Amino acid sequence: MTEDSQRNFRSVYYEKVGFRGVEEKKSLEILLKDDRLGILPPHHESHAQVMMYRKEQYCDVLHALHVVRFVSDATPQVEVYLRMYQLESGKLPRSPSFPLEPEDEVFLAIAKAVEEMVEDSVDCYWIIRCFVNQLNNKYRESLPQLPKAFEQYLNLEDSRLLSHLKTCSALSRLPYDLWFKRCFAGCLPESSLQRVWDKVVSGSCKILVFVAVEILLTFKIKVMALNNAEKITKFLENIPQDSSDAIVSKAIDLWHKHCGTPVHSA
(Lines give C-alpha, C1' and ligand atoms only; values in the text may rest on other atoms or scores of the structure.)
Protein backbone atom coordinates (compact mmCIF):
# COMPACT_ATOMS: atom_id res chain seq x y z
CA MET A 1 0.00 0.00 0.00
CA THR A 2 1.43 3.36 -0.99
CA GLU A 3 1.89 6.23 1.44
CA ASP A 4 -0.84 8.20 -0.36
CA SER A 5 -3.35 5.36 -0.05
CA GLN A 6 -2.84 5.26 3.70
CA ARG A 7 -3.69 8.90 4.13
CA ASN A 8 -7.15 10.34 4.47
CA PHE A 9 -8.55 13.80 4.59
CA ARG A 10 -8.33 13.77 8.38
CA SER A 11 -4.74 12.61 8.92
CA VAL A 12 -3.51 15.16 6.38
CA TYR A 13 -4.68 17.92 8.68
CA TYR A 14 -2.89 16.44 11.68
CA GLU A 15 0.34 16.67 9.76
CA LYS A 16 -0.26 20.24 8.61
CA VAL A 17 -0.66 21.46 12.17
CA GLY A 18 2.01 19.28 13.77
CA PHE A 19 -0.22 16.62 15.34
CA ARG A 20 1.38 13.30 14.39
CA GLY A 21 0.19 10.10 16.02
CA VAL A 22 -2.85 11.70 17.62
CA GLU A 23 -6.03 9.61 17.67
CA GLU A 24 -8.07 10.60 14.63
CA LYS A 25 -11.36 10.29 16.47
CA LYS A 26 -10.57 13.57 18.24
CA SER A 27 -12.43 15.56 15.68
CA LEU A 28 -11.34 18.98 16.98
CA GLU A 29 -7.96 18.25 15.42
CA ILE A 30 -9.33 16.94 12.15
CA LEU A 31 -10.16 19.89 9.94
CA LEU A 32 -10.74 22.57 12.53
CA LYS A 33 -7.07 23.46 12.88
CA ASP A 34 -6.60 24.09 9.17
CA ASP A 35 -7.50 27.53 7.87
CA ARG A 36 -8.47 26.38 4.36
CA LEU A 37 -12.01 25.74 5.51
CA GLY A 38 -12.05 29.02 7.39
CA ILE A 39 -13.23 27.47 10.64
CA LEU A 40 -10.38 28.73 12.78
CA PRO A 41 -7.91 31.60 12.45
CA PRO A 42 -4.26 30.81 11.62
CA HIS A 43 -3.06 31.82 15.10
CA HIS A 44 -3.13 28.69 17.25
CA GLU A 45 -3.16 30.57 20.54
CA SER A 46 -6.67 31.84 19.78
CA HIS A 47 -8.16 28.49 18.77
CA ALA A 48 -9.57 27.57 22.19
CA GLN A 49 -11.40 30.87 22.51
CA VAL A 50 -12.69 30.77 18.93
CA MET A 51 -13.93 27.22 19.39
CA MET A 52 -15.79 28.36 22.48
CA TYR A 53 -17.50 31.01 20.35
CA ARG A 54 -18.26 28.40 17.68
CA LYS A 55 -19.88 26.16 20.28
CA GLU A 56 -21.92 29.04 21.70
CA GLN A 57 -23.06 29.97 18.19
CA TYR A 58 -24.03 26.34 17.54
CA CYS A 59 -26.08 26.21 20.74
CA ASP A 60 -27.76 29.56 20.05
CA VAL A 61 -28.81 28.55 16.54
CA LEU A 62 -30.02 25.17 17.73
CA HIS A 63 -32.04 26.80 20.52
CA ALA A 64 -33.63 29.22 18.05
CA LEU A 65 -34.75 26.32 15.85
CA HIS A 66 -36.33 24.60 18.83
CA VAL A 67 -38.16 27.80 19.77
CA VAL A 68 -39.66 28.19 16.30
CA ARG A 69 -40.38 24.43 16.27
CA PHE A 70 -38.35 23.64 13.19
CA VAL A 71 -36.54 20.86 15.04
CA SER A 72 -37.23 18.71 18.06
CA ASP A 73 -35.33 16.10 20.05
CA ALA A 74 -36.63 13.53 17.56
CA THR A 75 -35.30 15.31 14.47
CA PRO A 76 -32.52 13.35 12.73
CA GLN A 77 -29.17 14.99 13.38
CA VAL A 78 -28.35 15.60 9.71
CA GLU A 79 -31.66 17.41 9.30
CA VAL A 80 -30.79 19.52 12.33
CA TYR A 81 -27.55 20.51 10.61
CA LEU A 82 -29.50 21.44 7.48
CA ARG A 83 -31.95 23.65 9.38
CA MET A 84 -29.08 25.34 11.20
CA TYR A 85 -27.34 26.03 7.92
CA GLN A 86 -30.54 27.35 6.36
CA LEU A 87 -31.17 29.65 9.32
CA GLU A 88 -27.63 31.03 9.29
CA SER A 89 -27.66 31.57 5.54
CA GLY A 90 -31.10 33.20 5.52
CA LYS A 91 -32.72 30.34 3.59
CA LEU A 92 -34.92 28.79 6.25
CA PRO A 93 -38.30 28.01 4.61
CA ARG A 94 -41.53 29.28 6.13
CA SER A 95 -42.46 25.79 7.23
CA PRO A 96 -40.48 22.59 7.96
CA SER A 97 -43.04 20.76 5.83
CA PHE A 98 -41.90 22.54 2.66
CA PRO A 99 -40.25 20.16 0.16
CA LEU A 100 -36.45 20.16 0.10
CA GLU A 101 -34.60 21.97 -2.65
CA PRO A 102 -31.91 20.12 -4.69
CA GLU A 103 -29.22 22.04 -2.82
CA ASP A 104 -30.71 20.79 0.45
CA GLU A 105 -30.43 17.20 -0.76
CA VAL A 106 -26.77 17.82 -1.57
CA PHE A 107 -26.22 19.24 1.92
CA LEU A 108 -27.87 16.22 3.56
CA ALA A 109 -25.75 13.76 1.55
CA ILE A 110 -22.55 15.53 2.57
CA ALA A 111 -23.77 15.82 6.17
CA LYS A 112 -24.44 12.07 6.38
CA ALA A 113 -20.93 11.35 5.14
CA VAL A 114 -19.24 13.76 7.56
CA GLU A 115 -21.35 12.41 10.42
CA GLU A 116 -19.73 9.02 9.83
CA MET A 117 -16.28 10.58 10.19
CA VAL A 118 -16.72 13.02 13.07
CA GLU A 119 -18.12 12.23 16.50
CA ASP A 120 -18.69 15.63 18.09
CA SER A 121 -21.83 17.35 16.78
CA VAL A 122 -20.40 20.89 17.04
CA ASP A 123 -17.26 19.97 15.12
CA CYS A 124 -19.35 18.01 12.63
CA TYR A 125 -21.62 20.96 11.87
CA TRP A 126 -18.77 23.41 11.34
CA ILE A 127 -16.95 21.03 9.02
CA ILE A 128 -20.12 20.42 6.97
CA ARG A 129 -20.95 24.12 6.92
CA CYS A 130 -17.54 25.22 5.72
CA PHE A 131 -17.14 22.35 3.25
CA VAL A 132 -20.49 23.16 1.63
CA ASN A 133 -19.59 26.86 1.57
CA GLN A 134 -16.35 25.98 -0.21
CA LEU A 135 -18.29 24.06 -2.85
CA ASN A 136 -20.83 26.87 -3.24
CA ASN A 137 -18.29 29.66 -3.39
CA LYS A 138 -14.79 28.61 -4.42
CA TYR A 139 -15.99 25.91 -6.82
CA ARG A 140 -19.22 27.52 -7.94
CA GLU A 141 -17.95 28.08 -11.48
CA SER A 142 -15.74 24.97 -11.66
CA LEU A 143 -18.28 22.30 -10.71
CA PRO A 144 -20.60 22.86 -13.72
CA GLN A 145 -17.58 22.37 -16.01
CA LEU A 146 -16.68 18.93 -14.64
CA PRO A 147 -19.00 16.85 -16.89
CA LYS A 148 -17.27 18.32 -19.95
CA ALA A 149 -13.85 17.60 -18.44
CA PHE A 150 -15.02 14.07 -17.64
CA GLU A 151 -15.88 13.49 -21.29
CA GLN A 152 -12.53 14.91 -22.37
CA TYR A 153 -10.43 12.67 -20.12
CA LEU A 154 -12.53 9.57 -20.69
CA ASN A 155 -11.99 10.06 -24.41
CA LEU A 156 -8.23 10.18 -23.82
CA GLU A 157 -8.29 7.03 -21.71
CA ASP A 158 -10.83 4.96 -23.64
CA SER A 159 -12.53 6.50 -26.66
CA ARG A 160 -14.41 3.26 -27.38
CA LEU A 161 -16.05 3.36 -23.98
CA LEU A 162 -17.05 6.98 -24.51
CA SER A 163 -18.54 6.09 -27.91
CA HIS A 164 -20.59 3.35 -26.28
CA LEU A 165 -22.03 5.84 -23.77
CA LYS A 166 -22.93 8.21 -26.59
CA THR A 167 -24.50 5.43 -28.67
CA CYS A 168 -26.66 4.45 -25.71
CA SER A 169 -27.58 8.11 -25.08
CA ALA A 170 -26.18 7.60 -21.58
CA LEU A 171 -23.54 10.33 -21.52
CA SER A 172 -25.94 13.12 -20.58
CA ARG A 173 -27.69 10.89 -18.04
CA LEU A 174 -24.71 9.83 -15.97
CA PRO A 175 -24.99 10.55 -12.21
CA TYR A 176 -23.12 13.86 -12.40
CA ASP A 177 -24.93 15.31 -9.38
CA LEU A 178 -23.86 12.35 -7.25
CA TRP A 179 -20.30 12.54 -8.52
CA PHE A 180 -19.66 16.25 -8.65
CA LYS A 181 -22.25 18.20 -6.63
CA ARG A 182 -22.22 15.67 -3.78
CA CYS A 183 -18.53 14.88 -4.20
CA PHE A 184 -19.34 11.13 -4.22
CA ALA A 185 -21.08 11.31 -0.82
CA GLY A 186 -23.42 8.33 -0.79
CA CYS A 187 -21.43 6.65 -3.56
CA LEU A 188 -18.05 5.87 -1.97
CA PRO A 189 -17.53 4.46 1.54
CA GLU A 190 -15.96 6.61 4.24
CA SER A 191 -12.38 5.35 3.88
CA SER A 192 -12.30 6.12 0.15
CA LEU A 193 -14.29 9.34 0.42
CA GLN A 194 -11.82 10.82 2.88
CA ARG A 195 -8.98 10.50 0.38
CA VAL A 196 -11.00 12.22 -2.35
CA TRP A 197 -12.18 15.01 -0.06
CA ASP A 198 -8.61 15.61 1.07
CA LYS A 199 -7.85 16.73 -2.48
CA VAL A 200 -11.05 18.79 -2.74
CA VAL A 201 -10.46 20.64 0.53
CA SER A 202 -6.80 21.14 -0.35
CA GLY A 203 -7.80 23.06 -3.44
CA SER A 204 -8.63 20.83 -6.40
CA CYS A 205 -12.13 19.72 -7.29
CA LYS A 206 -10.75 18.23 -10.53
CA ILE A 207 -9.93 15.02 -8.65
CA LEU A 208 -13.67 14.32 -8.85
CA VAL A 209 -13.39 14.02 -12.63
CA PHE A 210 -10.68 11.39 -12.42
CA VAL A 211 -12.58 9.36 -9.84
CA ALA A 212 -15.55 9.32 -12.24
CA VAL A 213 -13.31 8.34 -15.16
CA GLU A 214 -11.72 5.55 -13.16
CA ILE A 215 -15.13 4.21 -12.15
CA LEU A 216 -15.97 3.85 -15.84
CA LEU A 217 -12.63 2.24 -16.62
CA THR A 218 -12.86 -0.17 -13.70
CA PHE A 219 -16.34 -1.35 -14.67
CA LYS A 220 -15.81 -1.11 -18.42
CA ILE A 221 -16.87 -4.71 -19.12
CA LYS A 222 -20.09 -4.29 -17.16
CA VAL A 223 -20.92 -0.93 -18.75
CA MET A 224 -20.14 -2.15 -22.27
CA ALA A 225 -22.52 -5.05 -21.72
CA LEU A 226 -25.36 -2.65 -20.96
CA ASN A 227 -27.05 -0.94 -23.89
CA ASN A 228 -29.65 1.03 -21.97
CA ALA A 229 -28.97 4.48 -20.52
CA GLU A 230 -31.18 3.89 -17.49
CA LYS A 231 -29.45 0.62 -16.61
CA ILE A 232 -26.01 2.16 -17.00
CA THR A 233 -26.91 5.08 -14.73
CA LYS A 234 -28.47 2.82 -12.13
CA PHE A 235 -25.37 0.65 -12.03
CA LEU A 236 -23.02 3.63 -11.72
CA GLU A 237 -25.08 5.04 -8.86
CA ASN A 238 -24.56 1.80 -6.92
CA ILE A 239 -21.07 0.58 -7.72
CA PRO A 240 -19.61 -2.32 -5.70
CA GLN A 241 -18.07 -0.87 -2.54
CA ASP A 242 -15.20 -3.33 -2.36
CA SER A 243 -13.56 -1.74 -5.41
CA SER A 244 -13.60 1.82 -4.12
CA ASP A 245 -10.14 2.00 -2.55
CA ALA A 246 -8.50 0.72 -5.73
CA ILE A 247 -10.59 3.13 -7.80
CA VAL A 248 -9.47 6.13 -5.75
CA SER A 249 -5.81 5.07 -5.88
CA LYS A 250 -5.95 4.75 -9.67
CA ALA A 251 -7.88 8.03 -9.92
CA ILE A 252 -5.11 9.83 -8.04
CA ASP A 253 -2.59 8.32 -10.47
CA LEU A 254 -4.69 9.58 -13.40
CA TRP A 255 -4.90 12.99 -11.76
CA HIS A 256 -1.11 13.21 -11.60
CA LYS A 257 -0.75 11.76 -15.11
CA HIS A 258 -2.91 14.41 -16.74
CA CYS A 259 -2.31 17.35 -14.41
CA GLY A 260 1.28 16.75 -13.32
CA THR A 261 1.52 17.43 -9.60
CA PRO A 262 -1.41 19.77 -8.99
CA VAL A 263 -0.77 22.49 -6.44
CA HIS A 264 -4.19 23.43 -5.07
CA SER A 265 -5.63 24.05 -8.51
CA ALA A 266 -9.33 23.95 -9.26
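This is a predicted model: local features need pLDDT of at least 70, side-chain atom pairs count only at pLDDT 80 or more; totals for chains, interfaces and linings use all residues.

Colleague: How many helices and how many strands does the protein have?

Modeller: There are 14 helices and zero strands. Helices (H or I, at least four residues) and strands (E, at least two) are DSSP runs, numbered from the N terminus.

Colleague: Why is Ile247 called buried?

Modeller: Buried means under 20% relative accessible area, exposed over 50%, and partly exposed in between (1.4 Å probe, protein chains only). Ile247 has a relative accessible area of 0%, so it is buried. Ile247 belongs to helix α14, residues 244–259. By the same definition, buried residues make up 49% of the 266 residues in the protein.

Colleague: What does Ile247 touch, not counting residues up to four places away in sequence?

Modeller: Contact means heavy atoms within 4.5 Å. On that basis Ile247 touches Val211, Glu214, Ile215, Thr218, Phe219 and Ile239. Its C-alpha also lies 9.4 Å from that of Val213, a residue 34 places away in sequence. Across the protein, 67% of contacts between residues at least 6 apart in sequence join residues at least 24 apart.

Colleague: How do you know that the length of helix α11 agrees with its number of residues?

Modeller: The expected span of a helix is 1.5 Å times one less than its number of residues. Helix α11 (residues 207–218) has 12 residues and should therefore span 16 Å, and its end C-alpha atoms are 16 Å apart, which agrees.

Colleague: What makes α11 mostly covered?

Modeller: In α11, 10 of the 12 residues are buried. Among them are Ile207, Leu208, Phe210, Val211 and Ile215.

Colleague: How does the reach of α5 compare with the span expected?

Modeller: α5 has 16 residues and reaches 24 Å from its first C-alpha to its last, close to the 22 Å expected. Its buried residues include Asp104, Val106, Phe107 and Met117. Elements that cover the buried residues of α5 include α4, α6, α9 and α10.

Colleague: Why is Cys183 called buried?

Modeller: Cys183 has a relative accessible area of 0%, and it is therefore buried. Cys183 is placed in the loop between α9 (176–181) and α10 (190–202). Leaving aside neighbours within four places in sequence, Cys183 is in contact with Phe131, Leu135, Leu178, Leu193, Trp197 and Leu208.

Colleague: Which residues touch the most other members of the largest nonpolar core?

Modeller: A nonpolar core is a set of buried Ala, Val, Leu, Ile, Met, Phe, Trp, Tyr and Cys residues joined through side-chain atoms within 4.5 Å. Of the 83 residues in the largest core, Phe150, Trp179, Phe184, Trp197 and Leu208 touch the most other members. The helix that gives the most to this core is α6, with 10 residues.

Colleague: Which residues lie nearest the centre of the largest pocket?

Modeller: On a 1 Å grid over the protein atoms alone, a pocket is an open set of points where a 1.4 Å probe fits, with protein on both sides within 12 Å along at least five of seven lines, and lining residues have an atom within 4 Å of a point. The largest pocket is lined by 22 residues, of which Glu103, Val106, Asn136, Leu143 and Lys181 lie nearest its centre. The largest share of this lining, six residues, comes from α5.

Key: Residues are numbered from 1 along each chain as its sequence is written. Side-chain values use heavy atoms; hydrogens and water are left out.
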